Amino acid sequence: MAQLLEHNRNELSPLEMKCGILDAAEALQFLHQDAKTAHLGFSPYSLFIDPQGKWLLGSLGNSLSGVQWGQLVDCPFASGSGDSAPGQLSSEPPARYTAPEMCNMPPRCGLESDMFSLGLLTYELMSNDRQPLLRSAPRGFTPGIIRQSSVSADLYGVLMKVLSPMPNDRMNIGAFLNSEFFMDVNLRAIRFLEQ
């Protein structure tokens with residue numbers, strides 16, 4: 001996904017991106033609800049597109065098991081020191097896709113942190129200009145920087161709930177998947193045909 005965004009940000013249609021976001025969110029749902037695991041590295045660098053167009057979630061090197069919703073834990077790594085240069089590997093997630101609580105000292109993290117990262121990527125893919133919301137770590141982040149005209153009305157309200165600077169105010173993965181953003185008739189038809 002990172003290569004696609006770097007080389008041809010407009011290659012995918014809005015419907016293809018919405019289907020991909022749904023794939024990624026369903027993978028997070030499995031991690032959160034079934035595996036009780038926080039990914040903690042959710043970004044374009046952790047998403048892969050298979051030949052059939054399905055989005056797959058990988059890069060579990062920063063994940064943390066035994067995590068419950070509403071219980072932030074000490075983060076096993078400090079985040080927010082910056083993104084690595086292109087072609088360089090880093091042991092920590094890209095700073096501009098991390099949640100604010102992961103950039104504090106001491107760093108805290110949880111399932112809510114993944115939701116913030118999912119919100120940042122969703123904004124980047126679905127906004128009118130298809131550009132990242134943040135260029136660096138989200139210190140002092142406020143959702144007021146999101147212009148209502150930059151995304152569809154059904155997504156704006158969802159983003160305001162997912163991108164809350166306060167982890168306990170964020171929408172969980174189940175609410176995200178059941179939000180009005182995914183009630184698109186075209187998306188539902190594609191999902192029905194896939195099944």
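Select Lys-36 to begin: this residue sits in the loop between α2 (14-34) and β1 (37-38). Helices (H or I, at least four residues) and strands (E, at least two) are DSSP runs, numbered from the N terminus. The model is predicted, so local features need pLDDT of at least 70 and side-chain atom pairs count only at pLDDT 80 or more, while totals for chains, interfaces and linings use all residues. Residues are numbered from 1 along each chain as its sequence is written, and side-chain values use heavy atoms, with hydrogens and water left out.

Stay on Lys-36 and look at the backbone. Its phi is positive, about 50 degrees, although Lys-36 is not a glycine. Lys-36 is partly exposed, with a relative accessible area of 32% (buried means under 20%, exposed over 50%, partly exposed in between; 1.4 Å probe, protein chains only).

Next, select Ser-59, in the loop between β3 (55-57) and β4 (64-65). Ser-59 is not a glycine either, yet has a positive phi of about 55 degrees. Its relative accessible area is 39%, which makes Ser-59 partly exposed.

Move on to Met-105 and Pro-106. The peptide bond that joins them is cis, with omega near -5 degrees. Pro-106 belongs to the loop between β5 (73-74) and β6 (108-109).

Finish at Ser-150, in the loop between α3 (111-126) and α4 (153-162). Is Ser-150 buried or exposed? Ser-150 is buried, at a relative accessible area of 2%. Leaving aside residues up to four places away in sequence, Ser-150 touches Tyr-123, Met-126, Ser-127 and Asn-128 (contact means heavy atoms within 4.5 Å).
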